[in-house]
Amino acid sequence: MHIEITDLSRYFGSTHAVDDVTFSFNSGDIFGLVGPNGAGKTTTMRILATLDEPTTGDAFLDGVSVVQEPERVRGQIGFMPDSLPTHRDVSVHDYLDFFARAYGLRQRQRMEAIARAEDFTNLAGLRHKMLRALSKGMKQRVSLARALVHDPALLILDEPAAGLDPRARIELRELLKALAEKGKAILISSHILTELSQMCVGAAIMERGRLVKAGRLEDLYRLHESADGKNLRVVAIRVAGDSQKLRRMLAEMPGVAAVTPVGDFIHARVQGDEKACGELLAELLKRGLQILEFKQVNVGLEDLFMSVTKGDVQ
Amino acid sequence: MSVFGNAVRFLDDHINPVLVKELRQAVQSNFVTVLLLVYLLIDILAMMLAVLFDHSLTSSLHAGGDVFMTLDTILLGTCLLFVPTYAGIRLAAERADQNVDLMFITTIQPGAVIWGKALTALAIALLVVSVCAPFMMMTFLLRGIDVPTICFVVAMDLVVVGAGVAGALFIAALPIRWPIRLLLALALLVGMVTAFSLAISGAGGLILWGVGSRMASWHFWIPTLMFLGFILAACGLLLFLACAALAPQASDRARPVRLYATLAWALTGAACVVVARAHWPLGDPSDFGRSFLRAWANGAIGLLAIGLVIAGCERDVWGLRLRRTVPRAPALRPFWLVFSSGALGGLLWTGLMIAGTLATLWFGMHPHRKLMPHLVREIHIDVGLVCTVLSYVLVGTLLRDYVFRRKVNTMLVGALAMLLMAAGSLIPMLIAAFHNPDSWGLTDTRWLFLNPMAGIALETHRHGGAAVYSMVAVIWCGIMVLLNLPWAVRQLRACRPAAENVPLESRHQI
């Protein structure tokens with residue numbers, strides 16, 4: 001399956017929630033949609049899931065328009081919104097049973113589909129529990145099971161890891177990788193960029209409704225490393241004590257572009273080759289910083305995101 | 001697998017998913033359980049009070065009827081207040097802008113959603129009735145009411161509740177903002193209170209009258225079936241409109257509504273004509289048959305006048321999806337135009353239906369010479385009404401075309417038409433009131449000509465007023481039609497099948 005989003009725009013009065021966004025991805029891809037809050041990720045996903053209609057533009061699943069023929073594509077789409085299931089007076093099994101029926105699955109096919117989704121999301125033991133009695137993490141699983149119950153070719157996941165504990169996050173990541181290996185196309189939005197970079201093959205970065213960068217991650221990193229025709233290196237630096245001082249110093253230094261905190265490290269983009277990195281290290285030592293680690297790293301999604309976005313909100 | 005097992009499996013597979021989900025939720029929810037228990041308690045209390053404290057119970061010949069009326073008031077009041085509200089609020093919440101229920105992105109059809117919701121509401125109403133039924137049947141033992149009357153009144157209550165549910169689902173399905181939805185809900189509430197009063201007074205009459213002794217008479221069955229037909233046709237229209245509101249914007253939302261409306265119009269109209277013109281073996285019910293025909297025609301004209309405003313709001317450019325359905329044979333295209341979504345087609349369909357309604361009224365009443373002057377007056381009033389409304393809609397279209405340069409949504413046409421209609425009806429009256437504060441300008445009929453309902457007032461004021469009004473309205477309408485000819489021609493020219501390779505830009509057109 002080929003998913004293509006073309007010149008998509010969605011305006012709410014004077015607010016351009018999504019403004020002329022174009023990108024595409026294929027079956028077997030996990031494609032990340034990243035951006036600050038209010039960037040238009042959820043609106044884009046809602047349009048692709050046929051929950052909303054664009055002001056202009058369109059999205060196509062194997063050439064079938066989601067605007068013109070939403071009924072034809074709905075059976076191919078599984079959508080997991082950022083909100084949890086609001087149904088209260090219904091058990092996990094009945095909730096999944098309803099959606100399986102709504103997708104037109106019959107007796108044996110329906111039972112098998114529900115059992116498969118429950119097993120895949122580890123919900124088999126909770127099938128008779130009421131939704132209102134479930135924790136947030138469990139509701140997330142129910143939401144994912146609901147998106148999977150009709151075996152869609154495209155999964156749209158809006159912040160699926162939000163509120164999950166670390167173990168559940170790792171499990172979710174593995175689940176998504178398994179689904180991609182089965183040939184599903186997955187569009188996922190998340191604020192946890194390190195996790196996204198571990199599973200995505202491509203990403204679209206949005207800000208203020210506009211698409212800033214989109215493509216396969218390796219291409220984006222390569223472009224990023226050779227921006228303006230110059231060689232760029234990313235170095236990770238860890239210092240003893242306050243890292244703010246290091247950030248301030250780096251920001252003032254010529255030849256150092258974006259400075260991004262990543263865990264205990266500060267990532268800095270350095271213009272030039274290894275020699276320039278060595279000169280930077282020497283300069284920092286000369287300024288009396290206690291450097292615990294200094295290493296060259298590959299460009300990550302976080303570095304890319306921080307360098308191409310301005311932090312603007314609308 | 002046994003035949004029974006296969007039947008259960010078939011039923012399980014084909015039962016409406018929304019009905020299954022809603023009933024499961026209703027059974028699990030505290031609201032419905034509490035409602036039924038409270039209702040049971042009230043019924044027991046009412047019966048106990050009647051038996052313990054009403055000393056006339058043993059001697060009165062109407063005691064059963066009186067107690068039944070109390071129970072029926074509680075039954076209808078409860079059902080009419082809670083069941084449509086429950087159905088409407090649930091659907092409206094599921095359709096809320098930012099939190100649309102994910103059911104709407106499954107492959108389930110809008111018709112299945114609305115039908116499931118309506119069936120659920122009726123199932124809940126039946127649950128409430130089943131709680132009350134034993135007490136109601138017991139009133140038969142207290143004398144003053146027969147079993148057919150009990151059954152008939154309960155059935156009548158269910159029809160009234162069904163109409164309330166259809167209205168609530170229609171309002172809940174509309175893609176409108178909450179304040180407007182609330183206003184419409186208030187209007188529905190007023191309608192339901194009126195229906196409640198009518199149904200209760202009707203039940204009182206039926207108890208006195210006794211349904212059992214009248215069941216062999218055409219005089220009983222014809223009005224009953226006519227009323228039932230009208231109410232069911234109206235409920236069906238509301239449910240079809242609700243389905244259209246849930247359907248995707250790019251789809252041909254108008255076609256099922258227009259097909260249903262045409263069919264319901266034809267069936268109810270034919271029934272009215274038959275009743276008005278037939279000679280019946282058991283007495284002549286054609287007098288009330290003619291009343292039904294007039295009520296049908298006036299009701300249809302009123303609805304079609306609203307239909308003109310709705311048609312004005314429809315798209316004037318077809319998307320790829322619709323253009324794919326345009327017939328290749330040119331001879332079939334007029335039918336496609338009239339029955340498919342689109343402003344010009346909508347106006348043409350409404351116009352044809354109005355002409356058909358007036359023709360049916362004329363044909364149905366024609367043999368009765370003594371009614372002719374009334375009939376001509378009625379037709380003048382109707383023509384004046386629809387021509388004035390159409391003129392306002394066409395003014396809206398003209399403004400959208402030339403002032404707003406088609407850059408705004410076609411919904412603006414309806415909004416402009418309504419605004420202009422309100423202004424045209426009120427402002428001249430205010431000016432007249434300024435000139436002559438005593439009469440609010442009503443003595444000077446010139447001030448009323450921009451009001452769609454002016455025909456009634458003008459005819460009351462002086463004989464032949466409606467004819468003058470209808471003539472002015474027809475002239476105004478004719479001018480607006482001429483001014484809108486480029487708009488109509490543009491749509492007629494676009495009414496052709498989509499080419500095989502459609503450029504991408506046109507795919508964006510909804």
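**Group meeting talk: a predicted two-chain model**

Let me step back to chain A as a whole. Chain A contains eleven helices and 14 strands, and along its principal axes the C-alpha trace spans about 75 × 45 × 35 Å. Of its 314 residues, 44% count as buried. If we take the contacts in chain A between residues at least 6 apart in sequence, 69% of them join residues at least 24 apart.

The chain is divided into domain 1, covering 2-216, and domain 2, covering 226-308, and the centres of these two domains, taken over C-alpha atoms, are separated by 36 Å. The contact between them draws nine residues from domain 1 of chain A and five residues from domain 2 of chain A. Which elements give two or more residues to the side of domain 1 of chain A that touches domain 2 of chain A? They are α7 (193-199), β9 (202-207) and β10 (210-216) of chain A, and of these α7(A) gives the most, with four residues. Sorted by class, that side of domain 1 has six nonpolar, two polar and one charged residues.

One residue I would like you to find on the screen is A:Glu302, which sits in helix α11 of chain A, residues 301-308. Leaving aside residues up to four places away in sequence, A:Glu302 touches A:Leu193, A:Thr194, A:Thr260 and A:Val262. Is A:Glu302 buried or partly exposed? It counts as partly exposed, because 19 other C-beta atoms lie within 10 Å, whereas a buried residue needs 20 or more. For a sense of distance, the C-alpha atoms of A:Glu302 and A:Ser83, which are 219 residues apart along the chain, are separated by 25 Å.

Let me turn to the nonpolar cores. The largest one has 193 residues, and those that touch the most other members are A:Ile156, A:Ile186, B:Leu169, B:Leu239, B:Ala242, B:Leu308 and B:Val386. The element that gives the most to this core is helix α6 of chain B, residues 147-173, with 15 residues. On the chain A side, what does A:Ile186 touch, not counting residues up to four places away in sequence? Its partners are A:Ile30, A:Phe31, A:Leu155, A:Leu157, A:Leu176, A:Leu179 and A:Ala180.

The contact between the chains takes 28 residues from chain B and 30 residues from chain A. On the chain B side, α1 (3-14), α2 (17-28), α11 (320-323) and α19 (504-507) each supply at least two residues, with the largest share, six residues, coming from α2(B). By class, this side of chain B has twelve nonpolar, nine polar and seven charged residues.

I will finish with two backbone details. Most residues other than glycine have a negative phi. A:Asp20, however, has a positive phi, near 55°; A:Asp20 lies in strand β2 of chain A, residues 15-26, and is partly exposed, with 14 other C-beta atoms within 10 Å. A:Asp62 likewise has a positive phi, near 50°. The place of A:Asp62 is in the loop between β4 (56-61) and β5 (64-65) of chain A, and A:Asp62 counts as partly exposed because it has 13 C-beta neighbours inside 10 Å.

How values were computed. Residues are numbered from 1 along each chain as its sequence is written. Chains are lettered from A and ligands numbered from 1 in the order in which they are written. This is a predicted model: local features need pLDDT of at least 70, side-chain atom pairs count only at pLDDT 80 or more; totals for chains, interfaces and linings use all residues. Domain bounds come from an automatic or database domain assignment. Two residues are in contact if their C-beta atoms, placed from the backbone, lie within 7 Å. Ala, Val, Leu, Ile, Met, Phe, Trp, Tyr, Cys and Pro count as nonpolar, Asp, Glu, Lys and Arg as charged, and the others, Gly among them, as polar. A residue is buried if 20 or more other C-beta atoms lie within 10 Å of its own, exposed if 12 or fewer, and partly exposed in between; C-beta atoms are placed from the backbone. A nonpolar core is a set of buried Ala, Val, Leu, Ile, Met, Phe, Trp, Tyr and Cys residues joined through C-beta atoms within 7 Å.
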